[in-house]
Amino acid sequence: MMSRSYTNLLDLASGNFPVMGPVRERKRLTRVMTVPGVVSELDDDQANSVNSDVHSSVNQDRIIIVANQLPVKAKRGPDNKGWSFNWDDYSLLLQLKDGLPEEMEVLYVGSLKIDVDINEQDEVSSVLLEKFKCVPAFLPPEIFNKFYHGFCKQHLWSLFHYMLPYSANHGGRFDRSLWEAYVAANKIFSQRVIEVINPEDDYIWIHDYHLMVLPTFLRRRFNRLRMGFFLHSPFPSSEIYRTLPVREEILKALLNSDLIGFHTFDYARHFLSCCSRMLGLEYQSKRGYIGLEYYGRTIGIKIMPVGVHMEQIESALRVADKESRIHEFKQKFDGKTVLLGVDDMDVFKGVNLKLLAMEQMLKQHPKWQGRAVLVQITNPARGRGKDLEDTQVEIQASCKRINEMFGKPGYEPIVFIDRPISLTERVAYYTIAECVVVTAVRDGMNLTPYEYIACRQGVSESASSSESNGPKKSMLVVSEFIGCSPSLSGAIRVNPWNFEATAEAMNEAISMADAETQLQHEKHYRYVSSHDVAFWSRSFFQDMERTCKDHFRRRCWGIGLSFGFRVVALDPNFRKLSIDHIESVYVRSKNRAILLDYDGKVMPQTSHNKTPNAEVISIVNRLLGDTKNTVFVVSGRGKESLDKWFSPCKKLGIAAEHGYFMRWSSDDKWEVCGPNSEFGWKQIAEPVMRLYTEATDGSSIETKESALVWHHRDADP
């Protein structure tokens, strides 16, 4: 029976989770909704029905992009008063607009990178909405720290990159207060979205692991909302993901989206495997599209790696050329073969593994001593913790050791740049590098190889480069554990943990003939230039349109509590079976056939004792007491068990072994309703079935008079 729970339980955090400290009631933004956010229960009460045919008076589509951080930069005004804002041109959220329809309005919802005093929040909200079409979500400090540095970075980020908390000092044990803060933060984001949404006209595009339960908050309020989610990190295998104590809550929340996107097929496959193992869901592939059936809704699964912003890179190349940065670096590394690494300071980026590989290459191939240089650019860390501190110490020790071992006047094999650098400086390094090396042990995507390929192609009007009109060449050594690896078929793929093999790959890359590196570059550049960030966003949005096209033709009901909430979508002709209607017809009828299934109906499916109790026997006898009723128990169980259990019910009909044996009452004899009574086939079938039973833990064989049944309900799917 479906739950009669109301769907307007938006206040998950206060209803099902403790509130994380006091939250000030702020001035709300002007609502722009044209229909109310009405919510319903699974009744035909029109006052509560969300199954409304009223459409918005606004016809133009709009998309609301929701992410942890807004694509704006903030700066404190003079005398520490007021704020000034400008776009963050390097933000993916801003770049993806290039792939959306020109006439589509884009609204952003997210947090700011700075703390805004509570008394300034209303003013900041008004400025950002008016000038940038941004809606800021202000998280109280006690929630933010537990949400971002706690649950996001300590639990999700680590788990999604295959790091398990084996000890309290390694990753940290699961802390439910961090999960509660994560839910509370997602609730705050949902409130900001709800303030500005047109549910009949807007698309919602949610980004990344920070907001994985946001779809449930929004779907509770508007069950026909057109909503997509894209995960920018890896999604781990089911063996890893199932260790998360709130694994089902997060899966069910994501399934309230209409389209879920991943960078690679592996990530999508892991997600689908989790849905199968933990929720019993199966997916289908139709005409190239993957869909999950979930309570009458088809949730699309999108596989599309993000790309780079080609115009931005070309613009940075022009600036670098104009400022002579490329010429400067060419002179600095004149006569040297430059290998380049560009990574965040992160435990998963494998920077030290790269340094060990460089050390090994110089040992195994002495010809590169004095000639090969690894320039390692390391962006500032975004997380914190002892693991990160240990990684930094290890990297610095390796740099020092290698430079002391192989360095000499005028030559250092490792150039370690541990500071933020501009895009202009970065593209200049890309341009002079013979090879880029990425040794991340796990990374969602990693766009460094794409940026490198675009920079090695250069721009046609580059004046200072003598190679500007000559053949283009590039070479890549990339970890097989990063998201961009499958799309770079010409790269040398390595297992970064095997630094000896990585060293050989680096030697191979910088020793390769020019003709080969030119061919690989041409192939890679064709892909990178055609699959840019605009292509990615356009493809995702088109799939979201396709997935949501039938939203307003279906009858939808929201059922369930907390993160068990889901929307049931039914055919427009569906009508709920009314108890009053059943009762009326029952009273008027003169002859009634009542067929009762045994397991799951007469007795609970999970009950260990299958013998019916006195209450069940009493109810059956009351039904039999009405002369208008003919009552049958229909079951796959054997006739002896059913006969014994229902011996007090003299007038009860029984169909045993799914109808192979049948009798109308206890006074009648059993009839055989099957086509034959020859069971010699059992001697052939049973040994085969026994082989499969021995190989499948949790399965068993049930021997019946008419059949052999292989039970596998308790086995791993």
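How closely do the axes of helix H10 (residues 310–322) and helix H14 (residues 423–432) come, and at what angle do they cross? The answer is in View 1; first, a word on the model. This is a predicted model, in which local features need pLDDT of at least 70 and side-chain atom pairs count only at pLDDT 80 or more, while totals for chains, interfaces and linings use all residues. Residues are numbered from 1 along each chain as its sequence is written, and side-chain values use heavy atoms, with hydrogens and water left out.

**View 1. Helices H10 and H14 cross at roughly 85°.** Their axes come within 8 Å of each other; axes here are lines fitted to C-alpha atoms, for helices over the stretch in contact, with angles from 0 to 180 degrees between N-to-C directions. That makes H10 and H14 roughly perpendicular (65 to 115 degrees; under 35 would be roughly parallel, over 145 roughly antiparallel, and the rest oblique). On the H10 side, the contact (heavy atoms within 4.5 Å) is made by Gln312, Ala316, Leu317, Val319 and Ala320. H14 brings Leu423, Thr424, Val427, Ala428 and Thr431. Sorted by type, these residues come out as 7 nonpolar, 3 polar and no charged (nonpolar: Ala, Val, Leu, Ile, Met, Phe, Trp, Tyr, Cys and Pro; charged: Asp, Glu, Lys and Arg; polar: the others, Gly among them).

**View 2. An open sheet of 6 strands runs in the order E14-E13-E12-E15-E16-E17, with parallel pairing.** Strands E14 (414–417) and E17 (492–494) are the edges, each pairing on one side only. On average, neighbouring strands are turned by 20° against each other, direction ignored. Helices (H or I, at least four residues) and strands (E, at least two) are DSSP runs, numbered from the N terminus, and two strands pair if DSSP finds at least two bridges between them. Look at E13 (residues 372–379) and E14: 4 bridges join these parallel strands, and valine 375 has valine 415 of E14 as its bridge partner. Helix H12 (residues 351–364) lies across E12 (337–344), E13, E14 and E15 (435–438), running at about 175° to E13.

**View 3. Phenylalanine 151 and tryptophan 179 form a tilted ring pair.** Their ring centres sit 5.5 Å apart with the planes at 50° (rings of Phe, Tyr and Trp, the last by its six-membered ring, pair if their centres lie within 6.5 Å; planes under 30 degrees apart are stacked, over 60 edge-to-face, the rest tilted). Phenylalanine 151 belongs to helix H4 (residues 141–160) and tryptophan 179 to helix H5 (residues 176–196), 28 residues apart. Phenylalanine 151 is buried at 0% relative accessible area, and tryptophan 179 is buried too, at 1% (buried is under 20%, exposed over 50%, partly exposed in between, with a 1.4 Å probe and protein chains only).

View 4. Phenylalanine 235 lies in the loop between strand E7 (226–230) and helix H7 (238–241), and phenylalanine 262 in strand E8 (residues 259–262), so the pair ties together parts 27 residues apart in sequence. Phenylalanine 235 is buried at 1% relative accessible area, and phenylalanine 262 at 2%.

**View 5. A hairpin joins E25 to E26 through 4 residues.** Strands E25 (residues 700–703) and E26 (residues 708–711) run antiparallel and are joined by 4 bridges. Glutamate 702 has valine 709 of E26 as its bridge partner.
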